[in-house]
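Please consider the model shown below together with its sequence. The paragraphs that follow lead through its strands, its cores and its aromatic pairs.

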Amino acid sequence: MSILVTSPCPESTVEELGIKTWPIWTCNVSSFEWTYHDKETCFLLEGEVTVTPAGEKPIKFGSGDLVIFPEGMQCRWDVHQAVRKHYRFGN
């Protein structure tokens with residue numbers, strides 16, 4: 001199970017996926033455990049994060065990055081700078 005990061009995400013991909021129409025999620029500096037019950041695709045507008053999947057190495061990403069989390073992944077989020085992101089669950 002791997003996190004896929006496109007850094008930076010091209011504007012053409014943002015337009016092609018319709019990312020600007022997706023809902024926005026925000027989170028202040030914090031740390032928490034999370035389990036993905038569905039695939040999530042997100043685009044960070046602001047922030048800096050390290051996500052550590054169970055049994056794997058940490059992945060860092062931030063503003064301008066497109067990130068895909070696989071269904072079933074268990075991980076720890078460490079939010080270093082407040083996050084504001086567009087997100088979509090499912091395919």
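Which residue in S7 is the bridge partner of Val51? The bridge partner of Val51 in S7 is Trp77. The model is a predicted one, in which local features need pLDDT of at least 70 and side-chain atom pairs count only at pLDDT 80 or more, while totals for chains, interfaces and linings use all residues. Residues are numbered from 1 along each chain as its sequence is written, and side-chain values use heavy atoms, with hydrogens and water left out.

Helices (H or I, at least four residues) and strands (E, at least two) are DSSP runs, numbered from the N terminus; two strands pair if DSSP finds at least two bridges between them. S4 pairs with S7 in the antiparallel sense over twelve bridges. Strand S5 (residues 59–62) is also antiparallel to S4, with four bridges, and here the partner of Val51 is Ile59. The hairpin of S4 and S5 has five residues between the strands, and Gly55 takes a positive phi near 75 degrees in this hairpin. S4 and S6 likewise pair in the antiparallel sense over four bridges, with Thr41 standing opposite Ile68 in S6. S4 is mostly covered, as ten of its 14 residues are buried; buried means under 20% relative accessible area, exposed over 50%, and partly exposed in between (1.4 Å probe, protein chains only).

In soluble globular proteins, nonpolar side chains tend to be buried together. A nonpolar core is here a set of buried Ala, Val, Leu, Ile, Met, Phe, Trp, Tyr and Cys residues joined through side-chain atoms within 4.5 Å. The largest such core has 15 residues, of which Val49, Val51, Phe61, Phe69 and Trp77 touch the most other members. The elements that give two or more residues to this core are strands S4 (40–53), S6 (66–69) and S7 (74–89). Leaving out residues up to four places away in sequence, Phe61 has contacts (heavy atoms within 4.5 Å) with Val5, Leu44, Glu48, Val49, Val51, Val67, Phe69 and Trp77. A second, separate core of six residues includes Cys9, Ile19, Trp22 and Phe43.

Aromatic rings form a further theme. Rings of Phe, Tyr and Trp (its six-membered ring) pair if their centres lie within 6.5 Å; planes under 30 degrees apart count as stacked, over 60 as edge-to-face and the rest as tilted. The structure holds nine aromatic pairs. The rings of Trp25 and Trp77 have centres 5.9 Å apart and planes at 70 degrees, so this pair is edge-to-face. The pair links distant parts of the chain, with Trp25 in strand S2 (residues 24–27) and Trp77 in strand S7, 52 residues apart. Trp25 is partly exposed at 29% relative accessible area, whereas Trp77 is buried at 2%. The rings of Phe69 and Trp77 lie with centres 5.8 Å apart and planes at 40 degrees, so this pair is tilted. Ring pairs link Trp25, Phe32, Trp34, Tyr36, Phe61, Phe69 and Trp77 into a cluster.

Asp78 also belongs to strand S7 and is buried, with a relative accessible area of 18%. Its side chain makes polar contacts (N or O atoms within 3.5 Å; within protein, one must be able to donate a hydrogen and the other to accept it, and residues adjacent in sequence count only if both atoms are side-chain atoms) with the side chains of Ser31 at 2.6 Å and Arg76 at 3.2 Å.
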